Amino acid sequence: MELYERTIHELQRLLRDGETTAVEICRSVFARIEAVEPRVHAYIALMREPAMAAAAAADEAIRRGDPPPLAGIPIALKDIYCTKGFPTTCGSRILQNFVPPYDAAVVEKLRAAGAVFTGKTNMDEFAMGSSTENSAFGVTRNPWDLDRIPGGSSGGSAAAVAADLCIASLGSDTGGSIRQPASLCGVVGMKPTYGRVSRFGLIAFASSLDQIGPFTKDVEDCAILMNAIAGYDPRESTSVPEEVPDYRGFLGRGIEGWTVGIPREYFVAGIDPEVLACVRGAIRVVESLGARCVDVSLPHTEHCLSVYYIIAPAEASSNLARYDGVKYGYRAEGAADLLEMYKKSRSEGFGPEVKRRIMLGTYALSSGYYDAYYKKASQVRALVRNDFDEVFRSCDALLTPTTPTPAFRIGEKTADPLQMYLSDICTISANMAGIPGISVPCGYSSEGLPIGVQFLAGHFAEGKLLQIAAAFEKGANIPRRKPKL
Amino acid sequence: MEFEPVIGLEVHAQLLTNTKIFCGCSTKFGAAPNSAACPVCLGLPGVLPVLNRKVVEFAIRMAIATNCRVNAENVFARKNYFYPDLPKGYQISQYALPLAEDGHIDVEFDGGKKRIGIVRIHMEEDAGKLLHDEHNPWSYVDLNRTGVPLIEIVSAPDIRSAEEASAYLRRLHEILVYLEICDGNMEEGNFRCDANVSLRPRGQEAFGTRAELKNMNSFRNVQRALEYEIKRQQYILESGGAIVQETRLWDDGQGATFAMRGKEEAHDYRYFPDPDLVPVAVDEAWVKEIRSALPELPLEKRERFIRDYAIPPYDAGVLTASRALADYYEEVVRLCGLPKIAANWVMGDVLRLLNEEKRDIRDCPVKPESLAAMIRFIEDGTISGKIAKDVVEEMYRTGKPPKAVIEEKGLVQITDEGAVADAIRKVIEANPAQLAQYRSGKDKVFGFFVGQVMKATQGKANPKLVNDLLKKMLAG
């Protein structure tokens, strides 16, 4: 087995036992990148040299006997996190040459934990999309079928983990942007509770929905990364000063006696039969582990998508106003006056999906429409949250499909934004409510495409989520397949 | 037809916190361009605002002082518009739920007294500054001022004249400075005012169409601009015209308001709650704590001075114009025990000397204990009131205590009857013609003799003694 195929916990053991070095691991991963990346295109930019230096430093720390927790572990970062001194594009032409003077909070934390950054991964521009086709820097391909999309918006991060182009990665999830690509690429992806991981330095798409989380090869690695990135940050006002437990402590506890809700609204028309079959199989596994699965209802589910497409674009229209060509980023040449400079810079700098959402959001916030759209959407959002609060009174967790279908073909939905938006139908509600969710592989389609199951839990119940995900992973015992590349 | 002006004022006051409202940058004025600007000020991607609690505390002080209701939960909202001095493309302000609402202040002016409503007080961040290059077709952006905390105080449309507006503004200014939350400097724009003005036929309830006035950077200009604007609107209405709703700029040089050039676009700021900030919770205990630490406000102080020191309202007004001046005066009173005399000296000679040099009372070389000691020297007859004027000047010039000045200059009053009588005798002998006039009934000549005696004693003779003796001796 190659080093690049390993998980974090396996590499930690090998490093501890002196069976390998961080530099060897790093070389292995970059060799894999050299061989496979041209076909997958998971990265926007690689960090080979700083990575080798960080690996050498990790080896030094290991030799001294005081390695930080993630010493020598190669981790890829979605290109939405500011990285000090290294270009950060957010998948957009408008930030093509932007070099942040500071690290995002999670980057700081991982750096301090000794992680080795492999590079910045591809994404839909400003995280707006479900297929990574909206990047200004090319399409990322699904490692399981290079003609298909990896999901999005964190498609690069998901594909990089699936194709062993890193050991783990970070993504961001505004409406499913971690869980959906995790499901489509056959890896584990978690969106923590809103407020659990600091958003400081995460380039904002929709501030009240954005949350950072890991992509990993298994649930244990997810717990390891959550230990590294979770926690209160005084630089972020919506960060919550809630104690962070040792998430690894939840693994292996089992779910005997749990009540797991099966929300009926997630098992309706539009869900691919093979996905349904896989998820039903997952329900049986959960039951076999001693949990009781019960039918529950989240009555406002049908409104989630429409509410999301008001709130997220509204916030985005304001968040993206700063890209005006004045201070940094792309500025169009030859504008005659200020207004023209704004118009040209933004017209040339943003891609079509971003423009669409800026227009949607601007409209929703406009005088005379605010009450009917943004305000009403905020009210419905509160109802969605109430739905979840209600079911978590009696349920330990919920189980749903992560995506309605396996990975679709590149170009299949680009002409129809609404069809594209529907691929987040199962994941958006967790962002609305601010609750944590995780996608875990639960099987393969007849075409050999991965399918994921989603578990949801109440606010700050990431521990429980990891507990059921780990139990399911072990109980389902799905043979560990790798994409053929 | 007789028209009645309806005026509402919006005041922006810069708060005197050490750091900005949403980051740790300094608020100091005059730093090199963009030297007090961090990634938050610059609106870099990914940065987030963190509220400075001191700003809320300062704003609550103003809310209490203006009798507003402080909202237990108030919300920051984004005001969206594009401008190069606004790095995020939105200003963080408050909209639907401001910090405080429904207050009032009482103002006095020549025409009387009046209560003026305060609709709301909200917190917001200031924008940056554009510097236009005169020789090149470009502009520079200085973001030092970005994120400097402001409160906006919006009055009710209760103001009916330029004079009332001016009185209201002065009162607000005075309260802000008293509370030590704003330095009140209008030239630097730390206290700025916009006005909404309309006219309506007297007796009519509905408001007329209003114009918004900007660019008035002194109390005097606010009053002049309003007077001009009221006349302008009156002229238009009387000649059958209609007022256009627009923003007008006051031109100090021409003494007139002009419609802002360019197309007046109806702004849609697309306000919505800022998702990067949580609602500001203000509990009663906090308000109570701030209230208990509030200084005595100018109006209360004025009333107390009139009551306790028995000084005229005018004096009380002058002496409470600033907290430092009031403190100075009270210290002098405490040390000399003569409130009215102390008021005369502080308002007269001390303020005159300070004003000549545009010096602040806090830097006055004549310390309260010196002035009090000098007043006591007048009272016990050591020096005359007239000499005292010179003593104060000398104290001001040298910073020396009155005793030293009096001794060095030999200014001790001559109260020895023999010495004064001697001087009078000499004056009478030297002026036989005037003596004859006096004795023939011309009382006016008496003043001449007083003057001559004072001259002969270099002003040191006790005036009362001079009067008494002179009368006796002239009578023969």
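Contact here means that the C-beta atoms of two residues, placed from the backbone, lie within 7 Å. Helices (H or I, at least four residues) and strands (E, at least two) are DSSP runs, numbered from the N terminus. Helix 4 spans residues 105–112 of chain A, and its buried residues include A:Ala105, A:Val106, A:Val107 and A:Leu110. A residue is buried if 20 or more other C-beta atoms lie within 10 Å of its own, exposed if 12 or fewer, and partly exposed in between, with C-beta atoms placed from the backbone. An α-helix has 3.6 residues a turn, so residues three or four places apart point the same way. After helix 4 of chain A comes A:Gly114, with a positive phi near 90°.

This is a predicted model: local features need pLDDT of at least 70, side-chain atom pairs count only at pLDDT 80 or more, and totals for chains, interfaces and linings use all residues. Residues are numbered from 1 along each chain as its sequence is written, while chains are lettered from A and ligands numbered from 1 in the order in which they are written.

## The sheet of chain A

Chain A has an open sheet of 11 strands in the order 1-3-2-4-6-5-10-11-9-7-8, with mixed pairing. Two strands pair if DSSP finds at least two bridges between them. Strand 1 (43–46) and strand 8 (292–296) of chain A are the edges, and each pairs on one side only. On average, neighbouring strands are turned by 30° against each other, direction ignored. Axes are lines fitted to C-alpha atoms, for helices over the stretch in contact, and angles run from 0 to 180 degrees between N-to-C directions. Helix 3 (residues 48–64) of chain A lies across strand 1, strand 2 (74–78) and strand 3 (116–121) of chain A. Helix 3 of chain A runs at about 155° to strand 3 of chain A.

Strand 5 (residues 188–191) of chain A is covered on both faces. A:Val188 and A:Met190 are buried on one side, A:Gly189 and A:Lys191 on the other. In a regular strand the side chains alternate between the two faces of the sheet. Strand 5 of chain A pairs antiparallel with strand 6 of chain A over two bridges, and A:Gly189 stands opposite A:Phe215. With strand 10 (residues 437–444) of chain A, strand 5 of chain A pairs antiparallel over three bridges. There A:Lys191 has A:Gly437 as its bridge partner. Strand 7 (residues 259–263) and strand 9 (residues 397–401) of chain A run parallel, joined by two bridges. A:Gly261 is the bridge partner of A:Leu398 in strand 9 of chain A.

## Nonpolar cores

A nonpolar core is a set of buried Ala, Val, Leu, Ile, Met, Phe, Trp, Tyr and Cys residues joined through C-beta atoms within 7 Å. The largest has 232 residues, and A:Ile75, A:Val116 and B:Ala59 have the most contacts inside it. Helix 3 (residues 162–178) of chain B gives the largest share of this core, 10 residues. Another core lies apart from it, with 34 residues, including B:Ile311, B:Ala326, B:Cys336 and B:Ile375.

What does A:Ile75 touch, not counting residues up to four places away in sequence? Its partners include A:Leu110, A:Val116, A:Phe117, A:Cys166 and A:Ile167.

## Domains

Domain bounds come from an automatic or database domain assignment. For chain A, the assignment gives domain 1 (3–249) and domain 2 (302–378). Their C-alpha centres lie 28 Å apart. The contact between them takes 20 residues from domain 1 of chain A and 17 residues from domain 2 of chain A.

Chain B is divided into domain 1 (3–287), domain 2 (296–409) and domain 3 (417–475). The C-alpha centres of domain 1 and domain 3 of chain B lie 66 Å apart.

## Where the chains meet

In chain A, 36 residues are in contact with 26 residues of chain B. Helix 9 (304–319), helix 10 (338–349) and helix 11 (352–365) of chain A each supply at least two residues of this side of chain A. Helix 9 of chain A gives the most, with three residues.
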